[in-house]
Structures are given as C-alpha cells and as structure tokens.
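Here's a quick tour for anyone meeting this structure for the first time. Have a look at the model, then read on.

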Amino acid sequence: MNISFSANPINKSQALYLQKKLSKANFVDIICHNSSDEDTVACARALKWLLIKLNKESRIITDNIDTFELKKDSKGLIDLSKESLPTTKPDTVVCVDFSSFTRVKEDVKKYINSAKTILCIDHHCDGDISDNIREINNCLTPEEIENLSPVDFYVDSSAKSCSSIVLKLFQTLKINIPNKIKELLFCGMTDDLRKNEYLKYNETLTPVLTEKMMNDKITLNIYKELENEILPKRKNDIIKHLNVLASLNQDEKKFQERLFKDMKTTKNGKFAYVIIPPNDEQWHKLGGDNAKTSGIMGNFRTTVLDKNKYIDSIAVFYQDKNGYRISIHSKNNNVINLFNHIKETLNPDLQAGGHEDRGGGTILSFDQDVCIDWAKKIIAGAETFFL
Ligand SMILES: [Mn+2]
C-alpha cells in the first residue's frame, strides 16, 4: 500500500539535496537529543537504515537505549549514559528531532560544532544551531512547497512529530519502507502525539484520539494512514511499550496511589501539588526519574485536572539527575504566566519554562533544605498568582 500525505510534503529538491549530502559523507553521526525519547530515536534508526541502503557507514548517538526494541538492534550505537563521545572529529552529523543547542549537553554541542557538515531534520521552532534554518510554521500550498529552495536545516513545526517528517522524506524519495521502519516511525509518532495530548490512554489503557487530534485533520490523516500499515500484533507490542502504566509492578502502583494521597492545594484551591523530597526513600527505590515514574506522574497530573473542575494547575516536585525539579500541567494555559509571576515577585533566578499548558523548572542542587525552600517559593507564588 502506498502512503500519501496531505500535510506539508518535503519537496523533491529538498529531499534529493539531503540524500545527496548524506551520499557524499564519509561517515555519518546521527545525533539524538538529550534524554532521548521515542521520536528522536525512531528518526535516527530510520535514517540509519537509509544510510545502509546508500552504502554509508553511520552510528547513532543517544543517551537512552530503553526506547522501543533498541536493545535488540544496538549495533553501531554510542550510548552516552555509559560511554563518552568519540575523540575524533565528526565528518557529517545529522541532528534529529532538535535544532537547538539547548537540547544537548555541552560536549555534544562541541562535537556537533566540530563537524564538516551539519544537517538537521526537526519539528521544533526554536532552532539556534544554524542561521540557515528553513522554518515552516503552517501548512503551505503545493506551489509554495515546490518553490522552497533546499537547506541543511529542514524544520517543519506544523508536524506533530519528527517521525512524520522522516516518513515524508522517504515518501518524496519514493523509497519502499520495510515494516520494521514503519513500526519505529509509528512508535515515535504515537509517543509525541500522546505528549501533545492528541492521544490518550483510556481506563483499559488503549489509545483513544482526543478532540485536539480530531480538529487537526492533517495530523489525523498521517497517523491513520501509517497506523493502517502496522500489523495488529506489532501495534500491540508498540502500545505496550509506550504505555508504561499498563505494566506497573506493586511498588510502582503504590507510588501512583501515594501521589493522590499526598496531593495538597493552595488556600485558593486552584493550584495542586505533591512534594517528593530529595531524600524520599520510595522515590529512590523506584530508580528516581525514569520512564515509569515520569509516566506515572504525567498521568497523575492530567487525571487530577480532568477530575477536579476547580484545580487550574498541578505540579509535582521531585529529584532528577541534575537536581530538583518541578513538572507542571495547567488546563487554562497558565504555566508560563505563573513562572513569570514567580520570577517577578519571589525568585528572579527561577529556571523554568516550557509550553503554556505544560512545563517545568530545575534547581541545580541536591541539598534537601535548598530544594524544599525552592519548592515552597513556587507554591507561595501560586498562592498570589491564582486569586
Ligand atoms: Mn519530537
């Protein structure tokens, strides 16, 4: 079956340009962003497959090998959580699912900068790696697409996942995609759609499409067309992998219950929060911040907002690898305004940001008192922000 797209396709000259640049490379490093997720790794693996077809040697650089079935296929990979970067200068690098240096650590930034050729495929509109970024922010007419000149940095923020852009690249190049690659891209796409609340897991833990998705016909089309290409058994495997809540053990279930028990609200009732102190025993027993705990906390936040009319925003405070963190969801798009209010009134040094409906912040400290004090200031800020 042929996959066709009604979303921005990649025009022929752009696709051929990227293919030519890759064909000319001596060696390609495919770079995933920091805390690599399914989308970035899926794109990297799909490109690696293309490079094998082009007879090019390549490797993937990532810090997360717990993504979908990567361990079964981990040849030609640098795992930054265990290894360091090569000391040799890279020839060609391809950044996938990011175009901003804020998405990688300092050593990776240096590595990218020392490459002979830097290429990029992304769907985030905050690129700062190159001045020469083609940024598409909405759906263009076929004529407009056709008239775009090729660039090294192809960024289409109208796409809801980078996996959908890689799929379009293959489509334009008329490449026959094997099932395995379709499955990877479906996995990357589904996970990003879930993060953007285009898709949710219901009580029986099966994915359901949300109103947001239904109102975005283009994204819906791409998702449906690719979904139809995936064998039911494989779709199940992918959903089972992505939906961490479907496979919680007893300890994880206890943690999930505890979040609801420990939830507090500000006096105005509009801001709910849970503080997991830095020295929390249960947290560390579960392995701290990982796919499971982060899935449980994310689900907790959206459930609380769904079930409590009066609560506007909900935050969880917890320790991660770099220090102490807040992750927050808001149903009335108050995240950025709340952070700005706290910066203006209580903590000008607050490092926090994200989107209007979900975001986060970090303090680079592991000190119990410093972290709790930081959290208390944010809560005090929420008290005066929501009046
Ligand atoms: Mn993505």
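**Two domains**

The C-alpha centres of domain 1 and domain 2 sit 32 Å apart. Domain 1 covers 12-175 and domain 2 covers 250-385, with bounds that come from an automatic or database domain assignment. Keep in mind that this is a predicted model: local features need pLDDT of at least 70, side-chain atom pairs count only at pLDDT 80 or more, and totals for chains, interfaces and linings use all residues. Residues are numbered from 1 along each chain as its sequence is written.

- Six strands make an open sheet with mixed pairing, in the order 10-11-12-13-15-14; strands are DSSP runs of E, at least two residues, and helices are runs of H or I, at least four, numbered from the N terminus.
- Strand 10 (264-265) and strand 14 (352-354) each have a single partner strand, so they stand at the edges with one side left without a neighbour in the sheet.
- Strands pair if DSSP finds at least two bridges between them; strand 14 and strand 15 (358-363) run antiparallel and are joined by three.
- One of the residue pairs here is Ala-352 with its bridge partner Gly-361 in strand 15.

**Helix 13**

- Val-335, Leu-338, Phe-339 and Ile-342 are the buried residues of helix 13 (335-345), where buried means 20 or more other C-beta atoms within 10 Å of a residue's own, C-beta atoms being placed from the backbone.

Notes
A residue is buried if 20 or more other C-beta atoms lie within 10 Å of its own, exposed if 12 or fewer, and partly exposed in between; C-beta atoms are placed from the backbone.
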